[in-house]
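Welcome! Let's take a short tour of a helix pair and some aromatic rings.

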Amino acid sequence: MKTEKAASAEDCGCAPTATEIAGLRGPMSRRSALGLASLGVLSLGAVSAFGLRFSPSAFAADYPSWDDVQNAKNNEAAKANEVTRIQGLIAALQADVAAKQADAERLANEYVQAQIDFETASDNADALQKQADDESARATASAKKLGRLAAQQYRAGGSDPSMELFFSGSAASADDLLAKLGTMDRLVAANRGVYADAISARNNAQSLSDKAKLARDERDRLQKEAQQKMQAAQDAAAAAQAALAEQDKNLGTLQAQLAALQDQTAKTVADYQAGVEAARKAEEARQAAAAEAARKAAEEAAANAGNGGGGGGGGGGGGTPGTDGWVRPASGYISSWFGNRGSVCGNGVCTSGGHRGIDFATSCWSPIYAAASGRVVWAQYTGDWGNYVKVDHGGGVVTGYAHIVTGGYNVDVGQWVNAGDLIAHVGNTGASTGCHLHFEVYWQGVRIDPAPVLYDHGIDVY
């Protein structure tokens with residue numbers, strides 16, 4: 001089933017637009033980045049293990065005061081110097097944000113690819129081990145067959161009655177049996193095909209076991225690499241957020257100071273200062289209004305979800321309790337199941353790791369709930385998943401929540417959440433063709449089918 005909602009955050013009519021709530025809360029995504037000019041990238045901070053150059057602290061600069069501006073207005077040379085200085089600071093702030101946001105997104109996408117590479121290696125190791133186990137079982141079965149033949153032969157010849165007891169022992173391994181049977185020329189000659197098959201199976205089993213071990217070593221290496229890339233991406237996102245905060249704090253004042261210096265009218269510095277303060281208060285009021293609108297939209301969506309709505313079909317309401325402390329992560333029906341399709345494309349992005357989750361088809365801004373208690377280990381944008389949250393529940397179990405609406409985060413990395421807590425809102429970001437929650441369950445680092453996991457915890461998904 002591939003049916004998905006086609007509405008976007010802007011046209012669903014159920015909440016404020018992404019533009020209205022940009023920067024309201026949560027980590028930055030590329031959709032909430034400012035429209036920046038094409039500027040040079042600064043040389044920044046220390047070099048990380050993956051070549052990222054950034055400082056975890058915000059961009060530092062010696063900003064001019066309004067007294068500096070007032071003094072510069074009285075001298076043409078000083079004014080020209082101050083104009084150049086402020087223009088440089090504005091460009092540096094913008095370049096700092098642009099560079100760090102680009103690094104954060106690049107590293108996030110590298111993490112996604114590393115996760116896919118790890119899962120591919122894990123699947124390969126499991127497949128090789130299964131083949132080795134199958135060949136080992138075939139070798140043992142063939143050896144035991146020869147053992148029964150040997151017992152029958154010696155019983156018929158009467159030369160060694162103890163052989164029947166020896167060969168009938170179920171605990172004997174294929175190697176033990178084949179070593180003994182190989183000394184029995186008469187038996188091997190009469191059953192050459194069976195013996196050759198047993199030897200071949202034993203050798204294949206050993207070869208495949210050796211390959212499986214190498215594959216597991218590669219899997220473990222890739223898992224560590226994915227974890228390192230995940231941490232690097234999180235560090236980069238924190239640096240980008242700090243840079244944006246620094247820009248938000250200083251850019252408006254710098255632009256007003258620049259305008260004051262370049263203004264040829266009698267408008268005073270005090271007028272510009274008053275304008276900056278008025279703009280600041282207006283922005284605070286706008287953000288408060290947007291936050292209140294988002295809160296009301298979330299409450300309405302939660303009420304609809306509690307009544308089983310929000311998905312245009314059955315399946316139950318988001319947040320409905322199951323067993324063992326688990327809840328249904330979203331409302332709506334399952335529009336796409338685990339592994340039932342290959343690459344998925346949407347918003348100009350295509351996935352490369354297959355469909356390793358299930359999709360809850362529901363409306364934009366519908367609430368997303370923590371499926372179980374745990375700690376948030378990821379809250380950041382990636383190309384494949386869009387805005388994405390991961391929660392670690394301990395014991396090797398992690399859940400993932402993808403395609404969150406822009407501005408729809410309700411948690412931060414490191415935060416503890418309880419089962420049923422509102423962690424985000426449904427959206428259509430990343431490789432997505434309509435508003436829905438793409439829900440994932442990780443077991444020991446590998447994404448597995450979430451449907452049986454939810455069903456085993458008393459949550460209706462079928």
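## A helix contact and an aromatic cluster

In this predicted model, Trp-66, Val-69, Ala-72 and Lys-73 of H2 meet Thr-253, Ala-256, Gln-257, Ala-260 and Leu-261 of H7. Sorted by class, this contact of H2 with H7 has six nonpolar residues, two polar and one charged. Helix H2 covers residues 66–73 and helix H7 covers residues 192–262; the two pack at an angle of about 15°, and their axes are 10 Å apart. Angles under 35 degrees count as roughly parallel, and H2 and H7 are therefore roughly parallel to each other. The crossing of H2 past H7 is right-handed.

Now for the rings. How many aromatic pairs does a search of the whole structure find? The search finds five. One of them joins Tyr-111 and Trp-378 in a tilted arrangement, with 4.9 Å from centre to centre and 35° between the planes. Tyr-111 lies in helix H3 (residues 76–157) and Trp-378 in strand S8 (residues 374–382), so this pair ties together parts that are 267 residues apart in sequence.

Are these two partners buried or exposed? Here are their values:

| Residue | Relative accessible area | Class |
|---|---|---|
| Tyr-111 | 1% | buried |
| Trp-378 | 0% | buried |

Buried means under 20% relative accessible area, so Tyr-111 at 1% is buried, and Trp-378 at 0% is buried too. The ring contacts also extend beyond this pair: Tyr-111, Trp-378, Trp-385 and Tyr-388 are linked into a cluster by ring pairs.

Conventions:
Residues numbered from 1 in each chain as written. Predicted model: local features only at pLDDT ≥ 70, side-chain atom pairs only at ≥ 80, totals over all residues. Heavy atoms only, no water. Axes fitted to C-alpha atoms, helices over the stretch in contact; angles between N-to-C directions. Helix = DSSP H or I, 4+ residues; strand = E, 2+ residues; numbered from the N terminus. Parallel < 35°, antiparallel > 145°, perpendicular 65-115°, else oblique. Left-handed = near helix turned anticlockwise from the far one by under 90°. Contact = heavy atoms within 4.5 Å. Nonpolar A, V, L, I, M, F, W, Y, C, P; charged D, E, K, R; others polar. Phe/Tyr/Trp six-rings, centres within 6.5 Å; stacked < 30°, edge-to-face > 60°. Buried < 20%, exposed > 50% of the residue type's maximum accessible area, 1.4 Å probe, protein only.
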